[in-house]
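Student: Hi! I have a new structure open and would like to get to know it. Could you walk me through it?

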Amino acid sequence: MTAYALQMLGLYAGLNILLNLILAYRVSSNRVRSKIATGTGEDSALYNASRAHITNVEYTPIGLIGLLVVASLGASIWVIHGIGVLLTLGRLLHAIGVSRTSESSPPRLVGTLLTWVALLVAGLACLYYAFI
């Protein structure tokens, strides 16, 4: 793996880790505000913050693992950037959409689609670079 590929892994991992911390903080601050220690009760802001964080935790690790494997297998830097940008932008847009409302919204939809495309590209790239 080149030094540049390693730097790009650091970039996308760092951005996604920071996004996750921001989302976790939003859950905690809503818990303090609403005085709800577990669950979400009837508090919609806490529910939305919790869903944004939970969904991020569900998708981000597998995306970053795919990114790491693809980079380790010697993928083109464009493939690494493509996966990294799609994943990071997808997770950010999804978090914005879910944080605002529990209903479907354009940022939530686009964020979900970008995340799924990132995972699809990562999965296919893992298979491709594993056998070329």
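Predicted model: local features only at pLDDT ≥ 70, side-chain atom pairs only at ≥ 80, totals over all residues.

Student: Where is Ile65 in the chain?

Tutor: Ile65 sits in helix α2.

Student: Let me zoom out. How many helices and strands are there?

Tutor: The chain has four helices and zero strands. Going along the sequence, the pattern reads α-α-α-α.

Student: What box do the C-alpha atoms fill?

Tutor: Along the principal axes, that box is roughly 55 × 25 × 15 Å.

Student: What share of the residues is buried?

Tutor: Of the 132 residues in the chain, 39% are buried.

Student: Which residues line the largest pocket?

Tutor: The lining includes Tyr47, Arg51, Thr55 and Tyr59. Also among the lining residues are Arg91, His94, Val98 and Ser102. Arg108, Thr112, Thr115 and Trp116 belong to the lining too.

Student: How does that lining split by class?

Tutor: It has four nonpolar, five polar and three charged residues.

Student: Switching to charges: how many salt bridges are there?

Tutor: The count is one salt bridge. Its partners are the side chains of Arg33 and Asp43, at 2.8 Å from N to O. The pair links distant parts of the chain, with Arg33 in helix α1 (residues 3-34) and Asp43 in the loop between α1 and α2, ten residues apart.

Student: Why can side chains pair like that?

Tutor: In general, side chains of opposite charge can pair when their charged atoms come close.

Student: Are those two partners, Arg33 and Asp43, buried or partly exposed?

Tutor: Arg33 is partly exposed, at 47% relative accessible area, while Asp43 is buried, at 15%.

Student: In the loop between α1 and α2, I also noticed Lys35. What is its phi?

Tutor: Lys35 has a positive phi of about 60°, although it is not a glycine. As background, most residues other than glycine have a negative phi.

Student: Is Lys35 buried or exposed?

Tutor: Lys35 counts as exposed, with 74% relative accessibility, because that is over the 50% cut-off.

Student: What about Ala75, where is that?

Tutor: Ala75 lies in the loop between α2 and α3. It is buried, since its relative accessible area of 11% is under 20%.

Student: How far apart are Ala75 and Tyr128?

Tutor: Their C-alpha atoms are 9.3 Å apart in space, and the two residues are 53 apart in sequence.

Technical notes
Residues numbered from 1 in each chain as written. Heavy atoms only, no water. 1 Å grid on protein atoms, 1.4 Å probe; cavity = no way out; pocket = protein on both sides within 12 Å on 5 of 7 lines; lining within 4 Å. Nonpolar A, V, L, I, M, F, W, Y, C, P; charged D, E, K, R; others polar. Helix = DSSP H or I, 4+ residues; strand = E, 2+ residues; numbered from the N terminus. Salt bridge = Lys/Arg side-chain N within 4 Å of Asp/Glu carboxyl O. Buried < 20%, exposed > 50% of the residue type's maximum accessible area, 1.4 Å probe, protein only.
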